[in-house]
There are 4 protein chains.
Amino acid sequence: MNDNRFTELIGKEYKCLDKGFVRLLDVMGDDSSIVQAARVSYGKGTKSVSEDRGLIRYLMRHRHTSPFEMVEFKFHVKLPIFVARQWIRHRTANVNEYSGRYSEMKEECYLPETNAIRAQSMTNKQARSDEQIDAEETAKIIGMLGDTQFRLFREYDEMLNKNVAREIARINLPLSTYTEWYWKIDLHNLFHFLKLRLDEHAQYEIRVYAEVMSDIIRQIVPITYEAFDDFVLNSQTFSKSELKALKAMCQGGIPDDTKLEEFGIKGGERTEFKLKMRSFLED
Amino acid sequence: MNDNRFTELIGKEYKCLDKGFVRLLDVMGDDSSIVQAARVSYGKGTKSVSEDRGLIRYLMRHRHTSPFEMVEFKFHVKLPIFVARQWIRHRTANVNEYSGRYSEMKEECYLPETNAIRAQSMTNKQARSDEQIDAEETAKIIGMLGDTQFRLFREYDEMLNKNVAREIARINLPLSTYTEWYWKIDLHNLFHFLKLRLDEHAQYEIRVYAEVMSDIIRQIVPITYEAFDDFVLNSQTFSKSELKALKAMCQGGIPDDTKLEEFGIKGGERTEFKLKMRSFLED
Amino acid sequence: MNDNRFTELIGKEYKCLDKGFVRLLDVMGDDSSIVQAARVSYGKGTKSVSEDRGLIRYLMRHRHTSPFEMVEFKFHVKLPIFVARQWIRHRTANVNEYSGRYSEMKEECYLPETNAIRAQSMTNKQARSDEQIDAEETAKIIGMLGDTQFRLFREYDEMLNKNVAREIARINLPLSTYTEWYWKIDLHNLFHFLKLRLDEHAQYEIRVYAEVMSDIIRQIVPITYEAFDDFVLNSQTFSKSELKALKAMCQGGIPDDTKLEEFGIKGGERTEFKLKMRSFLED
Amino acid sequence: MNDNRFTELIGKEYKCLDKGFVRLLDVMGDDSSIVQAARVSYGKGTKSVSEDRGLIRYLMRHRHTSPFEMVEFKFHVKLPIFVARQWIRHRTANVNEYSGRYSEMKEECYLPETNAIRAQSMTNKQARSDEQIDAEETAKIIGMLGDTQFRLFREYDEMLNKNVAREIARINLPLSTYTEWYWKIDLHNLFHFLKLRLDEHAQYEIRVYAEVMSDIIRQIVPITYEAFDDFVLNSQTFSKSELKALKAMCQGGIPDDTKLEEFGIKGGERTEFKLKMRSFLED
């Protein structure tokens with residue numbers, strides 16, 4: 001409400017893949033809304049900006065997630081159907097999608113760039129590898145994909161011309177066909193989406209969207225995004241057994257405070273780090 | 001975003017019960033956002049206002065609910081704990097509540113007005129009746145409730161003074177104690193809340209809040225609220241058997257009991273049917 | 001648990017469309033679990049079977065939905081992707097789907113029967129009509145759909161043979177390709193699914209699945225299903241304005257257009273109202 | 001279904017606090033259901049038990065959570081209202097609670113043991129400390145709590161005797177009053193509940209319930225529970241900055257395979273651990 005700071009972000013079309021996009025349509029709240037909501041729980045009044053940053057980082061570190069639910073984003077996204085199928089698995093969002101029953105599907109399909117045509121990974125059963133397919137083969141494959149997409153839409157047109165119901169005529173359209181939707185989600189659940197979809201194991205074609213959305217929201221909730229980046233995105237979790245191995249590896253003891261400060265660990269975060277280290281070193 | 005129309009509504013404290021309130025903190029979207037979201041599905045461009053109204057009413061009538069999820073409200077509410085316990089059963093909302101573990105509970109309890117002290121209903125096991133308790137008795141009861149609330153907070157203070165942990169000291173505080181929360185919900189789920197909590201069978205103390213919220217959102221989504229009022233709030237649903245009876249009725253009065261039994265309407269179902277029919281025949 | 005009554009239902013494959021199926025894998029609870037859960041709320045002991053039926057019908061009639069959430073079903077479903085895309089919009093369920101990233105897609109596509117190839121409806125923008133397409137044309141269309149499905153899988157094979165990653169090779173597979181999933185849902189949410197997907201406006205291909213599931217669960221919760229059938233599936237809801245007209249009707253036939261307009265029923269709403277009234281008057 | 005292994009667990013009342021309990025009412029699925037659901041996604045057939053264990057641990061480690069949603073538990077719980085208020089914040093569960101509007105509240109309140117009366121923590125604003133209050137004071141406090149609970153129920157009785165509606169008469173009952181509910185949840189969401197409520201920062205009175213539930217489900221899904229214990233409950237997560245500090249502390253390099261095996265790190269878990277360590281040591 002009444003917020004003109006993000007005017008230049010709203011409605012702007014950020015290109016994704018060859019024909020897709022992400023547009024931020026609306027936003028409710030910012031860093032300060034999170035602080036405000038947390039302070040309802042703690043019964044404290046407003047404080048300085050540096051205390052706000054500390055509070056946000058504390059909430060993120062301790063997975064006190066409900067204040068992050070108080071910020072809401074609405075996006076307009078254009079994306080291939082096979083990406084939409086992965087995306088929709090995130091259930092805690094509101095969606096309105098273009099309907100192939102109501103409306104004619106537009107002739108727009110995702111055609112991968114040369115660089116996206118990769119060999120199956122040997123080590124990761126669900127992913128492509130870094131290995132390129134032979135350049136000539138790649139060109140042939142892209143040609144074949146494009147020709148097929150063109151032909152499938154000719155068959156679609158033919159059926160529509162014969163007055164076949166849209167809901168039937170579309171059944172052979174390819175998973176590469178673009179669809180569009182409005183997608184509304186709160187920041188906590190968006191972070192969960194981003195954590196999974198920014199991951200290197202996510203399919204490249206959905207990661208592209210996650211990266212764009214991450215760039216957009218970073219500008220709206222900079223302090224919270226930084227905390228997410230530090231405590232979630234770039235964190236590592238060690239299991240019970242791994243902590244034993246880690247303990248064996250740690251010959252040097254906990255670095256002194258000056259050293260810790262160089263790493264960006266200070267204040268309450270330092271206290272907690274020391275407690276965390278002592279708990280597994282002395283276990 | 002960028003919306004100054006509702007400035008006078010935002011933050012305004014609407015009194016509820018003796019010490020509670022509802023404040024609208026923020027809103028995302030309005031009638032036009034619903035139309036816009038629906039048109040993503042239907043693949044149509046924007047149209048005239050009268051067509052917008054028609055579309056909204058069509059969506060409501062046919063329970064096409066997802067476009068209503070595209071509007072979001074954030075409220076600040078102060079309410080007695082026994083009301084909060086009914087309210088929280090609506091799961092599709094985001095909540096940050098004041099914590100009696102972090103912070104001292106404020107000495108504020110709900111003390112019913114004379115008019116709210118009613119006899120147990122004989123026909124409805126979950127409700128109070130219209131029957132007032134004897135005036136003198138009512139005064140005594142209110143006096144007793146108030147005295148007890150005062151005494152319970154003295155015991156609470158005494159425990160805090162002895163440094164008993166807040167999370168233990170509060171266990172004997174009464175269900176009438178006020179709490180506060182931020183509550184964020186989309187319009188579709190808010191309508192579901194309102195339908196249940198505006199109902200005459202809802203407890204009076206939560207209905208008061210539902211009425212205030214309904215007055216607030218009616219100003220923000222007037223066309224959609226009108227459709228909700230027509231097609232949901234003030235609608236009647238007739239079962240398979242009732243529809244048979246209704247048909248017969250259209251040639252005469254309410255069928256006699258033998259006839260109703262032929263339609264499969266008997267026992268409690270018959271009683272309810274007659275009430276329902278009389279209510280619209282004699283309206 | 002410990003329940004052998006439904007042994008013959010569990011695991012049985014119920015055919016849907018040309019190559020799909022529904023299999024009930026597991027169930028938690030039955031009619032009596034609903035009664036038991038409701039009685040926790042009402043604090044009453046167990047009663048006779050006829051009282052159980054009365055209670056279940058009361059709960060259904062008054063939309064006291066939480067006891068119905070206490071029964072849970074797990075299904076194994078094989079379905080075309082375009083059906084899966086409609087199905088997945090029901091968010092309050094648990095899903096494990098076959099992955100085209102992990103595993104090779106099986107060459108199985110939905111090929112409609114002659115009877116399913118229909119003309120676009122003129123009155124309902126999202127549906128097919130009852131009108132058949134010319135028989136010769138229909139045969140040609142089915143032939144074309146089948147040929148294309150065959151060819152698309154040849155191209156898929158070719159890419160896999162060239163070691164293109166599965167997640168890329170599958171992007172041109174058609175929406176008619178079959179997928180499989182485990183789908184777990186509680187009875188309340190399953191009823192919501194069935195209400196929408198048994199509706200004549202639901203696409204035929206998903207309605208087939210809804211009908212099979214409805215036949216299965218009717219055997220497990222017969223009393224509850226009957227209540228659902230009476231009070232939800234075959235009910236009619238009349239709006240505020242329609243109720244006024246209904247009242248007038250009970251002294252005569254359907255009011256004329258001028259009269260209806262007085263009640264606020266006009267345009268599309270009037271058309272629908274007349275259809276609704278005729279449907280029960282002429283039933 | 002058809003499962004007699006857990007007969008002795010079903011319905012058994014596990015005492016919690018002074019008058020509460022947890023009873024497992026029903027369960028759908030076990031370790032093998034998780035494996036089965038995961039294999040739908042991966043398109044693989046059934047394998048040996050040791051491979052099943054490996055798969056479950058892989059799923060847990062990589063937060064592939066959907067197969068864990070395929071197991072469902074239904075509990076009957078008796079708990080003080082202030083515990084119920086924390087518990088209900090877990091939204092992805094089904095609940096039927098005893099109603100103080102329908103039924104008279106039973107005179108049962110939580111009266112803490114001597115050991116539970118502790119001083120407010122100085123370091124943790126939301127918790128009690130380890131410090132006992134003076135023994136004599138503690139006895140007085142417990143006496144006062146008990147007397148007050150008795151008196152509040154006398155006032156409740158008095159109002160009921162005067163025919164005050166139950167929904168009003170109960171407003172001054174204390175938060176320590178016991179309530180009961182049926183609570184149904186899937187294993188993934190139950191793990192989330194347990195992680196938060198087994199934590200040392202959870203209030204003691206809810207932790208007691210989490211511990212009992214954790215003991216029950218450990219017997220039903222032993223392999224999955226062990227994985228939860230290793231990879232979630234007893235894991236530590238290090239932030240971006242903390243990983244830098246950890247790197248400085250690690251002088252010794254990664255322990256050799258024999259050493260790692262002593263810590264219980266072998267097979268795929270060893271490969272992943274080495275990758276994890278290299279990624280931060282070489283960063």
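Trainee: Let's start with chain A: in what order do the strands of the open sheet come?

Mentor: In this predicted model, five strands of chain A form an open sheet in the order β1-β2-β3-β7-β4, and the pairing is antiparallel.

Trainee: And which are the edge strands?

Mentor: Those are β1 (13-16) and β4 (94-97) of chain A, each of which pairs on one side only. Direction ignored, neighbouring strands of this sheet are turned by 20° against each other on average.

Trainee: Which helix lies across β3 and β7 of chain A?

Mentor: Helix α6 of chain A, residues 187-197, lies across β3 (72-80) and β7 (178-186), and it runs at about 130° to β7(A).

Trainee: Switching to chain C, is β7(C) mostly covered or mostly open?

Mentor: β7(C) is mostly covered, with nine of its nine residues buried. Both faces are covered: C:Tyr178, C:Glu180, C:Tyr182, C:Lys184 and C:Asp186 are buried on one side, while C:Thr179, C:Trp181, C:Trp183 and C:Ile185 are buried on the other.

Trainee: What pairs with that strand, then?

Mentor: β3(C) pairs with β7(C) in the antiparallel sense over nine bridges, and within that pairing C:Tyr182 is the bridge partner of C:His76. β4(C) is also joined to β7(C), by four bridges and again running antiparallel, with C:Asn94 standing opposite C:Lys184.

Trainee: How many residues does chain C put into the contact with chain D?

Mentor: Chain C gives 36 residues and chain D gives 36 residues. On the chain C side, the elements that give two or more residues are β2 (20-28), α1 (31-42), β3 (72-80), β4 (94-97) and β7 (178-186). The residues of that side divide into 16 nonpolar, eleven polar and nine charged.

Trainee: And what about chain A with chain C?

Mentor: That contact takes 42 residues from chain A and 42 residues from chain C. On the side of chain A that touches chain C, β5 (118-120), α4 (135-161) and α5 (166-169) are the elements giving two or more residues, and α4(A) gives the most, with eight residues.

Trainee: How do the residues on that side of chain A divide?

Mentor: They divide into 21 nonpolar, ten polar and eleven charged.

Conventions. Residues are numbered from 1 along each chain as its sequence is written. Chains are lettered from A and ligands numbered from 1 in the order in which they are written. This is a predicted model: local features need pLDDT of at least 70, side-chain atom pairs count only at pLDDT 80 or more; totals for chains, interfaces and linings use all residues. Two residues are in contact if their C-beta atoms, placed from the backbone, lie within 7 Å. Ala, Val, Leu, Ile, Met, Phe, Trp, Tyr, Cys and Pro count as nonpolar, Asp, Glu, Lys and Arg as charged, and the others, Gly among them, as polar. Two strands pair if DSSP finds at least two bridges between them. Axes are lines fitted to C-alpha atoms, for helices over the stretch in contact, and angles run from 0 to 180 degrees between N-to-C directions. A residue is buried if 20 or more other C-beta atoms lie within 10 Å of its own, exposed if 12 or fewer, and partly exposed in between; C-beta atoms are placed from the backbone.
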